[in-house]
Amino acid sequence: MKRFSGFLLLLVAAALCFHSCDKGKTYGEKVEEERDMIKQFMSDSSFVVLGSFPSDSVFGSKEFVEYSDGVYLNVVDYGSDRHFQSNDLITVRFTEISLSTGIRISNMTSDNQGTHPDVFRYTYHSSTWQSGYFVYENGNEYPLLKTMYNTTAVPAGWLMPLSFLGDGAHVKLIVPHKMGHSDASYYVYPCYYEIKYGLSKR
């Protein structure tokens with residue numbers, strides 16, 4: 001618990017530093033910096049942007065497609081034929097890396113910051129509108145993303161590919177602030193994710 005509390009203090013300090021360094025910048029300048037962060041990260045990682053989905057639906061490990069909302073997607077595994085549906089409870093194991101600070105949070109394995117996967121209720125409204133909110137799956141354990149950013153809203157970028165994914169899916173995402181969590185949206189920074197989705201068994 002002490003280690004986790006120390007990590008939270010480090011995260012808050014880094015966020016405050018990042019915020020203070022941003023004083024005086026216009027929103028447009030912050031958005032331009034965000035684009036530069038994404039370009040630099042993709043270049044450093046040797047990621048390639050495809051013009052469209054692969055014809056055989058199979059992505060190379062460094063191949064991404066870009067959506068009009070600025071989200072970059074790589075599908076590692078589409079999961080089972082049972083696609084996610086409205087009102088499903090979905091589990092997520094994820095690793096997040098802030099492209100502005102390099103801070104990493106993860107519940108991908110039980111020895112990371114969260115011992116259990118986060119769980120959210122998924123709602124499909126239309127092909128352009130989906131929503132989700134985190135729920136308490138494991139007694140009094142808070143979902144890691146809610147703990148870090150004090151919000152129950154699931155980032156829109158996480159929801160975007162769910163309509164064609166199934167139980168056991170695994171993706172990589174680069175999510176700009178407007179499709180990210182509340183902190184990314186407020187401070188205007190992108191995040192890189194690896195996410196594994198599953199159907200809750202409860």
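Guide: This is a predicted model, and its protein chain has five helices and nine strands, which follow one another along the sequence in the pattern α-α-β-β-β-β-β-β-β-α-α-β-α-β. Of the 202 residues in the protein chain, 47% count as buried.

Visitor: Why is the pair formed by the rings of F53 and F164 called edge-to-face?

Guide: The structure holds 13 aromatic pairs. In the pair of F53 and F164 the ring centres are 5.7 Å apart and the planes stand at 90 degrees; pairing requires centres within 6.5 Å and edge-to-face requires planes over 60 degrees apart, so the pair is edge-to-face.

Visitor: What makes this a pair that ties together parts apart in sequence?

Guide: F53 lies in the loop between β1 (48-50) and β2, while F164 lies in the loop between α4 (156-159) and β8 (170-175), so the pair ties together parts that are 111 residues apart in sequence.

Visitor: Why is F53 called partly exposed, and why is F164 called partly exposed?

Guide: The relative accessible area is 31% for F53 and 24% for F164; buried means under 20% and exposed over 50%, with partly exposed in between, so F53 is partly exposed and F164 is partly exposed.

Visitor: Why is the aromatic pair of Y78 and F164 called tilted?

Guide: For Y78 and F164 the distance is 6.5 Å centre to centre, with 55 degrees between the planes. Planes under 30 degrees apart count as stacked and those over 60 as edge-to-face, the rest being tilted, and therefore the angle of 55 degrees makes this pair tilted. Y78 lies in the loop between β3 and β4 (89-98), and F164 in the loop between α4 and β8, so this pair ties together parts that are 86 residues apart in sequence.

Visitor: How do you know that D69 has no salt bridge?

Guide: D69, which lies in the loop between β2 (63-66) and β3 (72-77), is buried, and the nearest side chain of opposite charge, K178, is 6.7 Å away. A salt bridge needs a side-chain nitrogen of Lys or Arg within 4 Å of a carboxyl oxygen, so D69 has none.

Visitor: What does the side chain of D69 have 3.1 Å from one of its polar atoms?

Guide: The backbone nitrogen of V71 lies 3.1 Å from a polar atom of the D69 side chain. Leaving aside residues up to four places away in sequence, D69 touches M160, P176, K178 and M179.

Key:
Residues numbered from 1 in each chain as written. Predicted model: local features only at pLDDT ≥ 70, side-chain atom pairs only at ≥ 80, totals over all residues. Heavy atoms only, no water. Helix = DSSP H or I, 4+ residues; strand = E, 2+ residues; numbered from the N terminus. Buried < 20%, exposed > 50% of the residue type's maximum accessible area, 1.4 Å probe, protein only. Lys, Arg positive; Asp, Glu negative; His and termini not counted. Polar contact = N/O pair within 3.5 Å; in protein donor to acceptor, adjacent residues only side chain to side chain. Contact = heavy atoms within 4.5 Å. Phe/Tyr/Trp six-rings, centres within 6.5 Å; stacked < 30°, edge-to-face > 60°.
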